[in-house]
Amino acid sequence: MSLVFALKMIGDLSFYLYFASFFASIFGLDRLLLIPLLVMVLSSTLCRMLRHRGAVRFLPLALIGLCAFYVNSSAAAVTLLLPAAYTVYTVAAGLYDVEASRQRSTFLALVKFMAILPVLSLVLSMRLLFERLSLPFGLMYLLCGVFLLRMLRHESEVYSQTRFRVINGLSLGAVCLVGLLLSSNMFFAALGGLFNGIYTYIVSPLLMLTAYILVGIIWLVGPFFRWLFSLLKRGDIEPPPEQEQPGTGENEFFDILNQGSSAMFERIMTALLIVALIVAAIYIFRKLRGQKAPAGAVSGVTQTRTRIETPSGALRTLLPSLDARSRIRAVYRRFLTLYRSYGLFLGADSTSASVLKQAKKQYWCPEDQAERMREIYISARYSENTPAGADIKEMQRCYSEIKAVEKKSRFK
């Protein structure tokens with residue numbers, strides 16, 4: 001659905017500009033890059049709507065050229081190059097689909113990094129630049145992430161309902177409105193006046209009342225504490241004489257630094273900073289990018305598979321698996337538990353093939369045993385024939401060998 005994709009693109013570009021605008025302000029960026037963001041989102045969304053029209057689907061990418069009229073500095077131009085390239089790449093590769101579990105894990109992981117920037121702005125005395133150039137994009141990313149995750153909870157049939165489209169279309173408009181309001185000085189002035197009125201007429205009187213109450217309590221209990229301290233007093237003790245601290249002398253190292261760094265050193269450090277920021281931005285975009293729709297799947301709808309239900313320990317003891325099929329799945333379930341204990345991702349959309357692919361990369365998992373376990377598990381789960389007793393023993397043998405290798409490698 002185009003609405004889901006548009007929200008994802010706003011979130012992706014907002015997260016990038018949240019950090020990029022802050023660091024670009026060091027090199028002269030002085031304008032909020034909200035309009036170019038909306039132009040790129042509109043361009044990519046139109047391309048998605050025309051995805052079945054052959055070469056015509058690439059025509060909306062020409063709208064990205066309009067961002068050039070908004071650029072007023074080299075810092076703004078360099079900042080917009082990566083999101084423009086990301087937009088073109090997303091359209092060219094057809095990465096329009098959004099997978100729910102991946103989006104959720106990515107959102108929760110990236111939100112943690114956003115807390116770094118406010119602290120950094122205070123350390124570098126760049127709070128005003130942060131509030132004016134980065135904060136709007138941070139709030140837009142948070143809103144888009146919440147709205148997008150709420151939308152992805154629904155079944156694909158819900159996306160075509162008029163009520164769903166109207167409500168989430170309004171959500172998309174609200175995100176854009178928040179960005180526009182936060183880019184306006186008049187909005188901040190009105191917001192400041194609102195908070196000033198709340199403090200003057202509500203918070204301040206409450207604080208004064210609390211202060212008067214505390215003063216009254218101190219006045220009442222003060223004589224008691226003075227009497228108590230008089231009982232505990234054992235005489236005046238003169239403080240030890242202060243000793244003069246020896247002089248530390250001049251630090252030659254800092255004297256050398258204070259003489260001023262060379263122009264070559266500044267250029268090298270600037271170049272290294274720019275390269276580091278570009279590498280970080282490319283890495284983030286690789287994490288944010290969408291995915292192609294599977295063959296035969298409806299675009300915008302993600303296929304999911306239900307994982308094996310794992311009963312709790314007490315329930316598993318009371319209701320043991322009796323049939324051969326359940327016993328094989330129970331052994332495979334133990335393998336998945338071992339798999340997850342090493343921090344490997346296992347979502348609702350994971351398959352036995354994806355699990356095998358990741359497990360074979362691990363030093364503790366022999367490839368032959370893992371492949372054999374998957375073959376027995378696939379046959380037991382999807383075949384109409386009842387598994388033989390030999391399959392159960394083979395399954396248990398493979399798991400035992402994997403477990404033995406894992407335990408041996410752990411204690412090396």
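Is Ala85 buried, exposed or partly exposed? With a relative accessible area of 42%, Ala85 is partly exposed (buried means under 20% relative accessible area, exposed over 50%, partly exposed in between, with a 1.4 Å probe and protein chains only). Ala85 lies in helix H3. The C-alpha atoms of Ala85 and Ile64 are 10.0 Å apart in space, and the two residues are 21 apart in sequence.

The model is predicted; local features need pLDDT of at least 70, side-chain atom pairs count only at pLDDT 80 or more, and totals for chains, interfaces and linings use all residues. Residues are numbered from 1 along each chain as its sequence is written, and side-chain values use heavy atoms, with hydrogens and water left out.

The chain has 15 helices and 0 strands (DSSP runs numbered from the N terminus, H or I of at least four residues for helices and E of at least two for strands). It holds 412 residues, of which 33% count as buried. The accessible surface of the chain is about 26300 Å² (Shrake-Rupley method, 1.4 Å probe). Carbon and sulfur atoms account for 64% of that surface. Among contacts between residues at least 6 apart in sequence, 79% join residues at least 24 apart (contact means heavy atoms within 4.5 Å).

The average pLDDT of the chain is 76, and 72% of the residues score at least 70 (pLDDT is the predictor's confidence in each residue, from 0 to 100). Over residues 295-321 the pLDDT is below 50. Beyond near neighbours in sequence, this stretch has 39 contacts in the model. Where pLDDT is low, the predicted coordinates should not be read in detail.

Helix H3 also takes part in a helix pair. The axes of helix H2 (residues 34-49) and helix H3 (residues 74-93) come within 10 Å and cross at roughly 10° (axes are lines fitted to C-alpha atoms, for helices over the stretch in contact, and angles run from 0 to 180 degrees between N-to-C directions). H2 and H3 are therefore roughly parallel (angles under 35 degrees count as roughly parallel, over 145 as roughly antiparallel, 65 to 115 as roughly perpendicular and the rest as oblique). H2 contributes Pro36, Met40, Ser44 and Cys47 to the contact. H3 contributes Leu80, Pro83, Ala84, Thr87 and Val91. By class, this contact has 7 nonpolar, 2 polar and no charged residues (Ala, Val, Leu, Ile, Met, Phe, Trp, Tyr, Cys and Pro count as nonpolar, Asp, Glu, Lys and Arg as charged, and the others, Gly among them, as polar).

The axes of H5 and H6 come within 7 Å and cross at roughly 145°. Leu117, Pro118, Ser121 and Leu122 of H5 meet Arg127, Phe130 and Ser134 of H6. This contact has 4 nonpolar, 2 polar and 1 charged residues. Ser125 sits in the loop between helix H5 (116-123) and helix H6 (127-152). Its phi is near 55°, a positive value in a residue other than glycine. At 68% relative accessibility, Ser125 counts as exposed.

H13 and helix H14 (residues 367-382) pack at about 170°, with their axes 10 Å apart. H13 is thus roughly antiparallel to H14. Ser352, Ala353 and Leu356 of H13 meet Ala370, Glu371, Arg374, Tyr377 and Ile378 of H14. The contact divides into 5 nonpolar, 1 polar and 2 charged residues. Ser352 belongs to helix H13 (residues 352-359). Ser352 counts as buried, at 13% relative accessibility. Leaving aside neighbours within four places in sequence, Ser352 is in contact with Tyr332, Arg374, Tyr377 and Ile378.
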